[in-house]
Structure formats: structure tokens, C-alpha cells
Amino acid sequence: MSNASWRLSIIVPVLNECDSLQSFIAQVLPVLESCTPAFEILFIDDGSTDDTLAQLKVLNQQDTRIRFVSFSRNFGKEAALTAGLAHAQGDAVIPMDVDLQDPPELIPEFVRLWREENYDMVYGVRASRPEDSAVKRTTAKGFYRLFNRITHSPIPGNAGDYRLMSRRVVNVLLQLPERNRFMKGLYAWTGFKSKGVPYQRPSRHAGESKFSFWKLWNFALDGLVGFSSIPLRVWSYIGAGVALIAFVYMLMLIASVLLGGRDVPGYASLMSVVLFFGGMQLLSIGILGEYIARLFIEVKGRPLYVVQEASRSALNERPSAIDG
């Protein structure tokens with residue numbers, strides 16, 4: 001691939017981010033123009049209800065390198081990232097957040113490692129998380145540690161979606177059909193030669209984060225359930241252990257009555273045992289339900305997203321989308 005023949009695609013999921021678009025373009029364009037011979041900035045409008053789509057149309061008219069795909073409703077960031085990968089036309093792809101917490105200054109280093117050192121994936125690693133609360137930092141660290149212990153596709157800690165992926169990585173990701181998509185896990189699952197680049201994460205330029213604690217919890221649950229069967233398997237061992245303890249306790253009660261002539265312990269002990277085992281059963285059923293719910297979603301085979309509108313050059317036919 002010659003220096004003048006390759007192209008870079010920037011994927012930017014947006015949801016009600018009209019206040020951030022101009023600043024993002026103003027900072028990203030000079031960086032791209034300095035390090036790439038050709039590029040596109042592809043915005044994925046994830047069902048915005050403000051003026052985001054109207055602004056994207058204006059930007060597209062002003063500069064055809066700025067393109068957009070607009071969903072019919074909000075389908076979530078993972079679906080938006082998947083749509084971006086499906087519609088991106090570059091030889092390498094970089095997903096970015098529009099809030100400028102993914103510093104554009106890292107793009108030349110991403111490109112250099114890809115072009116000169118043949119890395120198929122170059123990801124940004126947050127050197128610190130000063131804006132996150134102590135609880136969020138602790139839970140994030142715990143999640144990465146747990147995920148990497150119970151899955152066969154470990155993900156680097158403090159690495160988000162901000163990364164460069166070569167075309168062959170993108171092509172592999174597009175072959176993965178699951179509807180419950182945990183993109184961090186999918187990136188790691190593809191393998192390929194990868195390298196992390198540490199950076200200081202700046203403050204959000206405008207707007208507010210769309211991820212509440214509840215969304216982050218469900219996001220983590222999707223990751224754990226989607227990449228490991230250990231939560232299911234562990235209940236076989238727990239069940240066997242509890243059954244063994246119950247059997248031994250039963251023998252002790254029988255021996256106590258036969259040898260000592262005492263009655264079986266009464267109401268308090270009986271209720272404790274019933275409540276304990278009832279809680280264990282409900283917990284195990286809940287874990288089974290998480291897997292069954294995901295099977296239910298996968299079996300239906302609905303598309304990941306529905307495209308309502310797109311700039312002409314960004315609207316490609318893909319099997320994972322419905323283009324309206």
C-alpha cells in the first residue's frame with residue numbers, strides 16, 4: 001500500500017451531541033490532514049432528539065469527507081459502533097468519542113504504529129481516571145480483573161473504544177453475528193498484533209455522559225455473560241458442595257435422634273435452612289435466566305439497528321442493518 005493510496009475512517013457515535021460537533025471537527029480535521037492522505041469522519045446518530053442530525057447534514061454539505069448514518073431510534077453505543085464499522089470505507093478505522101476525551105493528538109502515533117510497525121490494533125490506555133469517583137475506579141478495576149480471570153479473551157485494563165483497527169480486524173468483527181455485543185471483548189477476541197498507547201484523559205468538552213450506573217452495570221453483565229460460561233458452570237460445583245453439606249447434616253440429625261433421643265431442632269433452624277437454600281435457588285435461576293434471555297434475543301435474529309437516513313456515500317448495503 002503506497003503512502004498516497006490508503007484511507008482512514010473515523011467513527012463517531014453521537015446521541016444528542018449538537019453542542020460538541022463543531023468543536024470536535026475543529027480539533028480533529030487539522031490532525032487528520034497532517035497525517036493521512038485521505039480520510040472520512042463518519043458520524044453515527046444513535047436516535048438523537050435534538051439538532052444533532054440537522055447539524056450533521058450541514059457539515060456534510062460543507063465537507064463531503066464528513067458523513068453520517070442516522071438510526072430510526074436509539075439502539076445503543078455498541079450497535080452504533082457496529083454500524084460505523086459496517087459503513088466505514090477506510091483501510092483502517094478509529095472509533096472516537098465526540099466529547100474530545102479521546103485526544104485527537106494520539107491519531108498520528110496510532111497511524112505510525114500501524115503503518116511502520118505493522119500493528120493491526122493500536123489502542124489507547126488511560127494512564128489515570130481523575131474525573132471518576134473512587135467507587136467507579138474501584139468497580140472498573142474489579143471488573144477488568146474478574147473478566148480476565150474467567151474468559152479466554154483478556155482485555156487490557158483502562159482501554160476503551162478509542163483505537164485504530166486495520167481493515168482485516170474490521171472484516172473479522174463484521175463476521176461476528178451476535179446481537180448482545182460487548183465491543184471491548186470482541187476487539188480482544190479477534191487476536192492480531194496489538195499495542196497500547198498510554199495517554200492522559202482530558203475533561204469532557206461539552207454535554208454529559210450518557211452512561212448511568214445502571215447502564216454500566218448492564219454493560220458489564222453483558223460482557224461477563226457474553227464471553228464466559230463459568231457463571232453457569234460454577235453453580236454445578238456450588239450445588240454439589242451444598243448437597244454434600246446437607247447430606248452430612250442430615251446424618252448428624254439422624255444420629256443425634258437415634259443415639260441421644262433428642263428432637264430435631266425447631267422453627268428457627270428450619271427457617272434459616274429454608275431461606276438460605278431458597279435464596280441460593282433464586283440466585284442460580286437468575287443466572288440461568290441471563291443466559292436464556294440472551295439466547296432468546298439471538299434466536300429472534302433481529303437486525304442490530306435500523307438506518308433511517310444517511311449521507312449518500314455512507315449508505316452501503318450490509319446484512320446486519322435495515323436501511324429505511
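Student: How many helices and strands are there in the protein chain?

Tutor: This is a predicted model, in which local features need pLDDT of at least 70 and side-chain atom pairs count only at pLDDT 80 or more, while totals for chains, interfaces and linings use all residues. Residues are numbered from 1 along each chain as its sequence is written, and side-chain values use heavy atoms, with hydrogens and water left out. Helices (H or I, at least four residues) and strands (E, at least two) are DSSP runs, numbered from the N terminus. The protein chain has 10 helices and nine strands.

Student: What share of the residues in the protein chain is buried?

Tutor: Buried means under 20% relative accessible area, exposed over 50%, and partly exposed in between, with a 1.4 Å probe and protein chains only. Of the 324 residues in the protein chain, the buried share is 42%.

Student: Among contacts between residues at least 6 apart in sequence, what percentage joins residues at least 24 apart?

Tutor: Contact means heavy atoms within 4.5 Å. For the protein chain, the percentage is 80%.

Student: How are helix 1 and helix 4 oriented to each other?

Tutor: Axes are lines fitted to C-alpha atoms, for helices over the stretch in contact, and angles run from 0 to 180 degrees between N-to-C directions. The axes of helix 1 (residues 21-35) and helix 4 come within 9 Å and cross at roughly 30 degrees. Angles under 35 degrees count as roughly parallel, over 145 as roughly antiparallel, 65 to 115 as roughly perpendicular and the rest as oblique. Helix 1 is therefore, relative to helix 4, roughly parallel.

Student: Which residues of helix 4 meet helix 1, and how does the contact divide by class?

Tutor: From helix 1, Val31, Leu32 and Cys35 take part, and they meet Ile107, Pro108 and Val111 in helix 4. Ala, Val, Leu, Ile, Met, Phe, Trp, Tyr, Cys and Pro count as nonpolar, Asp, Glu, Lys and Arg as charged, and the others, Gly among them, as polar. By class, the contact of helix 1 with helix 4 has no charged, no polar and six nonpolar residues.

Student: What is the class make-up of the contact of helix 1 with helix 2?

Tutor: These two helices pack at an angle of about 35 degrees, with their axes 11 Å apart. Leu21, Gln22 and Ile25 in helix 1 meet Thr52, Gln55, Leu56 and Leu59 in helix 2. The contact of helix 1 with helix 2 has no charged, three polar and four nonpolar residues.

Student: Is Asn60 buried or exposed?

Tutor: Asn60 is placed in helix 2 (residues 52-62). Leaving aside neighbours within four places in sequence, Asn60 is in contact with Ile66, Arg67, Phe68 and Ser311. Its relative accessibility is 19%, so Asn60 counts as buried.

Student: How are helix 3 and helix 6 oriented to each other, and which residues make the contact?

Tutor: The axes of helix 3 (residues 77-87) and helix 6 (residues 167-174) come within 10 Å and cross at roughly 125 degrees. The two helices are therefore oblique to each other. The contact is made by Thr82, Leu85 and Ala86 of helix 3 and, on helix 6, by Val170, Leu173 and Leu174.

Student: What are the centre distance and plane angle of the aromatic pair of Trp6 and Trp114?

Tutor: Rings of Phe, Tyr and Trp (its six-membered ring) pair if their centres lie within 6.5 Å; planes under 30 degrees apart count as stacked, over 60 as edge-to-face and the rest as tilted. The structure holds six aromatic pairs. The pair of Trp6 and Trp114 is edge-to-face, with values of 5.3 Å and 80 degrees.

Student: Where in the chain do Trp6 and Trp114 lie?

Tutor: Trp6 is buried at 4% relative accessibility, and Trp114 is buried at 10%. They are 108 residues apart, with Trp6 in the segment before strand 1 (8-14) and Trp114 in helix 4 (residues 107-117).

Student: Which strands does the pair of Tyr162 and Tyr199 tie together?

Tutor: The pair is edge-to-face, at 6.2 Å centre to centre and 90 degrees between the planes. Tyr162 is buried, with a relative accessible area of 2%, and Tyr199 is buried, with 6%. The two are 37 residues apart in sequence, so the pair ties together strand 6 (residues 159-166), which holds Tyr162, and strand 7 (residues 194-199), which holds Tyr199.

Student: What separates the C-alpha atoms of Gly124 and Pro198?

Tutor: Gly124 is found in strand 5 (residues 121-126) and is buried, with a relative accessible area of 1%. Not counting residues up to four places away in sequence, Gly124 touches several residues, including Tyr162 and Tyr199. Gly124 and Pro198 are 74 residues apart along the chain, and their C-alpha atoms are separated by 5.8 Å.
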